[in-house]
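Please consult the sequence and the structure before working through the solutions.

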Amino acid sequence: MKIKTVVAIGIGSALFLILGRFVVIPTGIPNTEIQTAYAFLAFMAILYGPIAGGCIGFIGHILKDLTAYGSPWFSWIIASAVLGLIIGLVAKKLNIQDGFTLKRGILFNVTQIIANLIAWVIVAPTLDILIYAEPTNKVFAQGFVASLSNIVTICVIGTFLLYTYSKTLTRSNSLELED
Amino acid sequence: MTILGYIDKNSIIHNLTGVTKLILLILCSFISMLTYDTRVLLLLLLLSIVAFRISKIKFKEISFIFYFILIFLLINNIAIFLFAPYQGSEIYGSQTVICNIIGPYSLTYEQLFYQFNITLKYFAVIPFALLFIVATHPSEFAASLNKIGINYKIAYAVAIALRYIPDIQKDYQEIAFAQQARGIDLSKNEKFIQRTKNKMAILTPLIFSSLERIEVISTAMELRAFGHNKKRTWYSARPFSKIDYICLTFMSIFFIVSLYITFANGSRFYNPF
């Protein structure tokens, strides 16, 4: 593992916790809020790859649960890790260091939608039933709401972050010959 | 808003090594996740309350989190009842109606017992987990992660996370104040779309300054040849003492016994009906 990945996991997890605790936007629907932390997770997964994405999701979510509720809720923690891992898988293909194009934006969003559905509609409810024996329809309803709100959050804020990031980079071949 | 963190005290719990506390917490979490047996859960809760008493941590110091958890559990319980009022009857295989509330919603003894168990399941580990956070020094925690077999690079990443939480929190506050001084309203007075945009005015600088931080820290670590060797030592690691062995032995026995009780009658659920 590269040193930069190690540090990205550390700082990323700390920032995931801070965003998860302080930068949430209530939507007006009870218990449903816009979690900017997940847009950040998707962003980091694209920047630093699947291992970083998975670890930030896992460690960051554990820290957030421990400091907010006092005890970790493992089914959703594993789902966060899965989300970061899957989005990170396209990091190489997306190659954000090379600029942000419409095609890359579409690839990013298709991936994040698939990753969200796997994480919140398959992984989280299944583990909720296995570990906590919660009612099936309740956990799937929760899963659908969570995946929908996270898809929208990542689509809007995550894409914006990637676009802004690509603007801050100096690209190769970006110099132009003056007449 | 406050974030729960290490509280320095001189108690038996504080003097246990980080490794011991981590293993105890993992064993307890496993017990509470695997079992649905009311007797085991009650025993676990009793044990964690006793541990909390020994630690000399005052209830006042963690009460804000405690109330937060209670509200969360209450909402969760209401949601379970609304979605599945007969889950309990399904699990325990009988139905004893107490009274009819409205339409298809009837209160049954089985449902009450099931929801009591589910609450207990969440609740039993909370004192342990809280204790772990307030009684383990962050740098010792990283050392103990490494000691139980987790790759030291991951352990170091956790150490970095714990080290930088206060710094990033401070960054967040400074950026928020700076943006408010520029007239960006973050309160509920703004409409939803505008408020989201205003939050982005904090989010973007916070994230990009953190990216810069990652560059600086990783360069510094590279200069010090981090990751060159297969192993590393930890300044804050401590050797085991007698009390560590006693606690670990006791908890292992408790773990095995609770698994035996749970699965002895062929089901995770304890059925009094």
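**Exercise 1.** Determine whether Glu61(B) is buried, partly exposed or exposed, and identify its salt-bridge partner.

*Solution.* Step 1: Glu61(B) has a relative accessible area of 28%, hence it is partly exposed (buried is under 20%, exposed over 50%, partly exposed in between, with a 1.4 Å probe and protein chains only). Step 2: the partner is Lys9(B), with the closest N and O atoms 2.9 Å apart; a salt bridge requires a side-chain nitrogen of Lys or Arg within 4 Å of a carboxyl oxygen of Asp or Glu. Step 3: Lys9(B) lies in the segment before helix H1 (12-15) of chain B and Glu61(B) in helix H4 (residues 59-83), so the pair ties together parts 52 residues apart in sequence. Helices are DSSP runs of H or I of at least four residues, numbered from the N terminus. Step 4: Lys9(B) is also partly exposed, at 22%.

The model is predicted; local features need pLDDT of at least 70 and side-chain atom pairs pLDDT 80 or more, while totals for chains, interfaces and linings use all residues. Residues are numbered from 1 along each chain, chains are lettered from A and ligands numbered from 1 in written order, and side-chain values use heavy atoms, without hydrogens and water.

**Exercise 2.** Characterise the salt bridge between Lys138(A) and Glu134(A).

*Solution.* Step 1: the N to O distance is 2.5 Å. Step 2: Lys138(A) is buried, at 0% relative accessible area, and Glu134(A) is buried, at 1%.

Key. Helix = DSSP H or I, 4+ residues; strand = E, 2+ residues; numbered from the N terminus.
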